[in-house]
Amino acid sequence: MNPLSIPREHPIIKKISLYHNLLIIYGCITMIPRCMSTQHPDNVNPPFFASSPLLSGEDEIKEAYYVFSHLGCDEQMWDCEGKEVDNYVVKKLLANYKSFFQENILGEDYRLTLRVPNPTIEREEAKILLETLESIPRSYDTATLFYGMEVAPVFEVILPMTSSSTSLNRIYNYYKKFVVEKQNFSLGDVTIKEWIGEFKPQSINVIPLFEDYDGMLSAANITREYLDGKNIHHQRVFLARSDPAMNYGMISAIILNKIALQNFEELEKETGIRIYPIIGMGSAPFRGNLKPSNVDNVIKEYPNTYTFTLQSSFKYDHPPREVIRAVDKLKSKKPGKAHEIEAEVALEIMQKYCREYRRQVLKLADTINQVAKYVPKRRKRKLHIGLFGYSRSIGKVSLPRAITFTAALYSIGVPPEILGFNALSDKDIEHLHEIYINLEKDMLDALRYMNPDSPYLEDELHWKVKEHFQDIEYDIKHKKLVDDINKSLSLGQIRIIQTRILEAASLRRFLG
């Protein structure tokens with residue numbers, strides 16, 4: 001018997017048969033994951049199963065099994081951009097963890113969702129997209145052999161930096177017309193299907209990931225255009241939280257997410273197609289403040305979000321029991337309705353706030369890039385610059401990715417959450433409290449790590465923050481570490497800088 005196969009009398013065969021019956025009766029299976037584990041490298045501590053602090057491809061196979069079997073996450077995002085791609089992840093999971101996956105169907109009980117490169121933006125990685133799409137039928141064959149029945153372990157891909165329905169349709173159509181339809185191509189004596197076998201699944205779902213200003217404001221319209229003419233019963237959509245914060249400031253990121261979520265709710269009413277929003281959040285307040293101790297507040301902030309991303313810090317910088325309880329809570333909460341906000345007023349506030357935020361970031365850019373060199377890496381991947389670096393309106397300034405950017409600013413005592421805040425009037429802040437439910441709490445969480453003596457903290461910004469947030473409880477240990485970092489930067493003491501950055505991150509329980 002093949003070592004990957006399961007006897008047909010095995011209980012899982014009955015379970016698969018039930019799923020297939022549901023598929024026949026209802027036309028689709030809508031078991032949508034609630035907790036998506038991701039590979040974002042924002043953790044201070046490496047996981048216990050890692051071979052080194054720098055997680056490699058084999059470690060990430062172990063990670064996928066760990067988050068499924070121990071933490072209770074029901075989805076793992078598999079990143080196919082910015083690193084060496086392992087297109088045999090399904091085979092390795094089923095072969096290495098046979099007992100677990102005999103009882104739990106990959107593709108049903110647990111999801112593996114691929115994030116692919118966007119050829120429009122990432123030209124140097126464009127062909128990785130094609131390799132990834134070609135791997136999906138092979139994974140289907142592997143799972144079918146393992147379970148003894150047809151199973152699609154992978155049937156969704158995430159497209160980052162989505163800016164049009166055209167980019168989504170290209171992937172959707174390429175898979176159907178080139179990956180699958182080539183099976184009908186004749187080689188003279190036989191078709192490819194007769195020679196190689198069938199190519200399944202016959203189609204895949206494409207999840208748009210919206211990350212920039214125009215994309216997020218147009219997200220519902222882009223999704224509507226993509227859905228037009230397709231027999232799709234539900235659609236998952238993905239909203240970024242980190243990159244918009246880095247590009248436009250934290251408050252702007254909140255506003256853009258709230259507007260997009262409101263628009264998606266309207267799209268669902270208009271089309272009758274269920275929309276399942278995903279929000280990508282990290283542990284730093286700047287990147288979402290999603291950590292085990294803050295789950296309730298995040299759910300209140302984004303009540304109609306269906307899937308939350310659990311990044312590396314969430315999983316590895318807290319005791320496993322706390323993580324498991326938080327995952328259970330996220331999975332048990334029933335999604336509600338989106339907050340209603342006045343988009344025009346919110347965008348007016350955002351415009352002047354964003355201008356000041358960007359001015360301050362550009363002023364600090366050289367220091368951010370200098371400190372970023374000493375922020376420890378946590379994954380073996382190429383970190384390309386984010387959208388901020390592409391913006392013509394701010395020249396040709398390049399900055400590190402959001403996690404390293406955040407870590408660098410915390411390390412010099414200027415939490416990125418506060419940047420741009422001095423541009424807001426009292427009336428603006430009053431209105432923001434209606435939009436941003438956790439404004440006070442998130443700011444106070446970040447202000448614990450502000451260093452009032454930092455030479456990089458502008459006086460006007462410092463004064464404005466202290467005026468509106470008078471209950472700041474500074475972390476004295478963190479302040480001392482930041483003092484050492486700032487002093488060592490001027491003296492070029494690299495080893496001290498590296499050590500103190502890591503010690504400060506350990507106090508915060510997130511790298512960036």
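Helices H15 (343–372) and H17 (426–435) each put at least two residues into a patch of negative charge on the surface. This is a predicted model, where local features need pLDDT of at least 70 and side-chain atom pairs count only at pLDDT 80 or more, while totals for chains, interfaces and linings use all residues. Residues are numbered from 1 along each chain as its sequence is written, and side-chain values use heavy atoms, with hydrogens and water left out. Helices (H or I, at least four residues) and strands (E, at least two) are DSSP runs, numbered from the N terminus.

**The negative patch**

- The members are Glu342, Glu344, Glu348, Asp426, Glu430, Glu434 and Glu467.
- H17 gives the largest share, three residues.
- Glu342 sits in the loop between helix H14 (320–332) and H15.
- To be in a patch, a residue needs over 30% relative accessible area and no salt bridge, and like charges are joined within 9 Å.
- A salt bridge here is a side-chain nitrogen of Lys or Arg within 4 Å of a carboxyl oxygen of Asp or Glu.
- Asp and Glu count as negative, with the charge placed at CG of Asp or CD of Glu.
- Accessible areas come from the Shrake-Rupley method with a 1.4 Å probe.

- Buried means under 20% relative accessible area, exposed over 50%, and partly exposed in between (1.4 Å probe, protein chains only).
- Strand E1 (residues 35–37) runs parallel to E8 and is joined to E8 by three bridges; Met36 has Thr309 as its bridge partner.
- Strand E7 (residues 274–280) also pairs with E8 in the parallel sense, over two bridges, and here Ile278 partners Thr307.
- Two strands pair if DSSP finds at least two bridges between them.

- Most residues other than glycine have a negative phi, and most peptide bonds are trans.
- Lys200 and Pro201 are joined by a cis peptide bond, with omega about 5°; Pro201 lies in the loop between helix H7 (192–196) and strand E5 (205–210).
- Met161, not a glycine, has a positive phi of about 55°, and its place is the loop between strand E4 (156–159) and helix H6 (165–180).
- Met161 counts as buried, at 9% relative accessibility.
- Arg509, in the segment after helix H21 (494–508), has a positive phi near 70°.
- Arg509 is partly exposed, with a relative accessible area of 38%.

Notes: Patches are made of residues with over 30% relative accessible area and no salt bridge: like charges are joined within 9 Å, nonpolar side chains (Val, Leu, Ile, Met, Phe, Trp, Tyr) within 5 Å.
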